[in-house]
Amino acid sequence: MRRLWRQDLAWAGLILGLAALFGLVQQWPLVRQSWRGELAALLSQARDQRRQEQFQGVKTVNLAQAYALFQQGRALFIDARPADEYVELHVPKALNITPEMLAAGQDEAVAGLAKDREIVVYCGQVSCDLALQVAEKLQVRGFTRVMAYMGGFRAWDEAGYPADTSK
Amino acid sequence: MKFDWLVRRLLGVALGGLFFYAGLLKCLHPYEFAEAVLAYRMLPESLVGVAAAVLPWVEMAAGLALAIGLKRRSALLLLTTLLGGFLAVILITMGRGLKIDCGCGLFFQRQVGPVAVLEDAVFLLWAAGLYGWELLGSKRGRQVQVIEASP
């Protein structure tokens with residue numbers, strides 16, 4: 001039994017070594033740039049490129065622009081994160097509307113909202129796509145002034161901007 | 001005996017196929033997987049690229065070996081170790097209160113949380129159980145060979 005186990009371990013090591021070698025060769029640019037400390041910039045570039053292709057036509061705003069819109073008080077903020085994160089903390093008076101709530105044929109979440117209302121959609125952090133997904137779905141439903149705030153709630157909170165737990 | 005072998009093979013093909021598919025998805029989208037690995041904040045940035053490059057290939061290699069029946073026990077040993085590691089990472093991340101995408105691959109996106117833990121635990125039991133079963137099967141097979149070979 002022990003001999004069998006040792007044999008298994010040796011073959012597992014060989015499979016692991018070969019897989020690691022193939023992986024390192026195939027993804028060498030990613031490995032090299034990560035090693036040089038350029039991963040964040042590389043990921044940001046890859047993310048932007050993917051988003052440009054995937055979410056064409058969705059207008060985006062940065063943290064300063066989103067906060068200016070919040071201060072003016074006209075824009076409706078929509079929190080695209082799952083309900084448990086929204087309940088914990090969110091932008092004051094924001095509605096919680098996730099992409100699932102806007103699935104095909106479901107309009108209850110946005111019923112009664114004026115189509116020309118200024119809307120800012122946000123999600124958790126800069127890497128999440130939920131804000132873009134909700135903004136795109138709102139545009140498809142005819143909302144004309146939708147923007148996705150790309151910094152995410154984390155940046156908003158870290159900047160010390162208002163946040164609360166009430167609905 | 002034959003039925004026992006057939007069930008083991010079917011379970012192996014299913015588990016191997018799932019891992020091969022999960023690894024392939026990650027391999028096709030390396031930057032998205034690197035972003036998921038980075039979000040766990042467990043590795044220094046310099047090693048995230050290595051993890052994002054190697055892990056999908058390990059999943060694919062072990063999954064393929066298991067599915068086609070090549071060194072099945074070794075593939076299962078590798079998958080069991082991998083799943084044990086994933087489970088530990090998910091539990092630590094939950095303990096740290098991070099709400100991030102689990103980057104697990106397969107059919108839908110899910111966050112680090114109880115569902116990911118349950119899914120990982122099921123796969124871990126599947127792989128470890130099958131390894132034990134394969135080991136017993138091999139031992140029994142060898143004993144039969146020895147008895148048949150003896151005069």
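Author: What follows goes through confidence, helices, packing and the contact between the chains.

Author: This is a predicted model, in which local features need pLDDT of at least 70 and side-chain atom pairs count only at pLDDT 80 or more, while totals for chains, interfaces and linings use all residues. Residues are numbered from 1 along each chain as its sequence is written, and chains are lettered from A and ligands numbered from 1 in the order in which they are written.

Reader: What makes up the confidence in chain B?

Author: pLDDT is the predictor's confidence in each residue, from 0 to 100. Chain B averages 89, and 89% of its residues score at least 70. Within chain B, the lowest confidence falls in helix H5 (residues 114-149), with a mean of 83, and the highest in H3(B), with 96. For the model, ipTM is 0.86 and pTM is 0.77.

Reader: How do you know what span to expect for helix H4 of chain B?

Author: Helices (H or I, at least four residues) and strands (E, at least two) are DSSP runs, numbered from the N terminus. The expected span of a helix is 1.5 Å times one less than its number of residues. H4(B), residues 72-95, has 24 residues, and its first and last C-alpha atoms are 34 Å apart, close to the 34 Å expected. Just after H4(B), B:Gly97 has a positive phi of about 75 degrees.

Reader: Why is the pair H2(B) and H3(B) called oblique?

Author: Axes are lines fitted to C-alpha atoms, for helices over the stretch in contact, and angles run from 0 to 180 degrees between N-to-C directions. Angles under 35 degrees count as roughly parallel, over 145 as roughly antiparallel, 65 to 115 as roughly perpendicular and the rest as oblique. H2(B), residues 30-39, and H3(B), residues 45-68, pack at about 120 degrees with axes 9 Å apart, and are therefore oblique.

Reader: What is the hand of the crossing of H2(B) and H3(B)?

Author: A crossing is left-handed if the near helix is turned anticlockwise from the far one by less than a right angle, and right-handed if clockwise. H2(B) and H3(B) cross in the right-handed sense.

Reader: What makes H1(B) roughly antiparallel to H3(B)?

Author: The axes of H1(B), residues 2-28, and H3(B) come within 7 Å and cross at roughly 155 degrees. That angle makes H1(B) roughly antiparallel to H3(B). Their crossing is left-handed.

Reader: Which classes of residue make the contact of H1(B) with H3(B)?

Author: Two residues are in contact if their C-beta atoms, placed from the backbone, lie within 7 Å. Among those in this contact are B:Phe19 and B:Phe20 of H1(B), and B:Trp57 and B:Met60 of H3(B). Ala, Val, Leu, Ile, Met, Phe, Trp, Tyr, Cys and Pro count as nonpolar, Asp, Glu, Lys and Arg as charged, and the others, Gly among them, as polar. The contact of H1(B) with H3(B) has 14 nonpolar, 5 polar and 2 charged residues.

Reader: How do H3(A) and H2(B) pack, and what is that called?

Author: H3(A) and H2(B) pack at about 130 degrees, their axes 10 Å apart. H3(A) is therefore oblique to H2(B), and the crossing is left-handed. A:Leu39, A:Leu43 and A:Ala46 of H3(A) meet B:Tyr31, B:Ala34, B:Glu35 and B:Leu38 of H2(B). By class, there are 6 nonpolar, no polar and 1 charged residues.

Reader: How many residues does each chain bring to the contact between chains A and B?

Author: Chain A brings 28 residues and chain B 30. On the side of chain A that touches chain B, H1(A) gives the most, with 13 residues.
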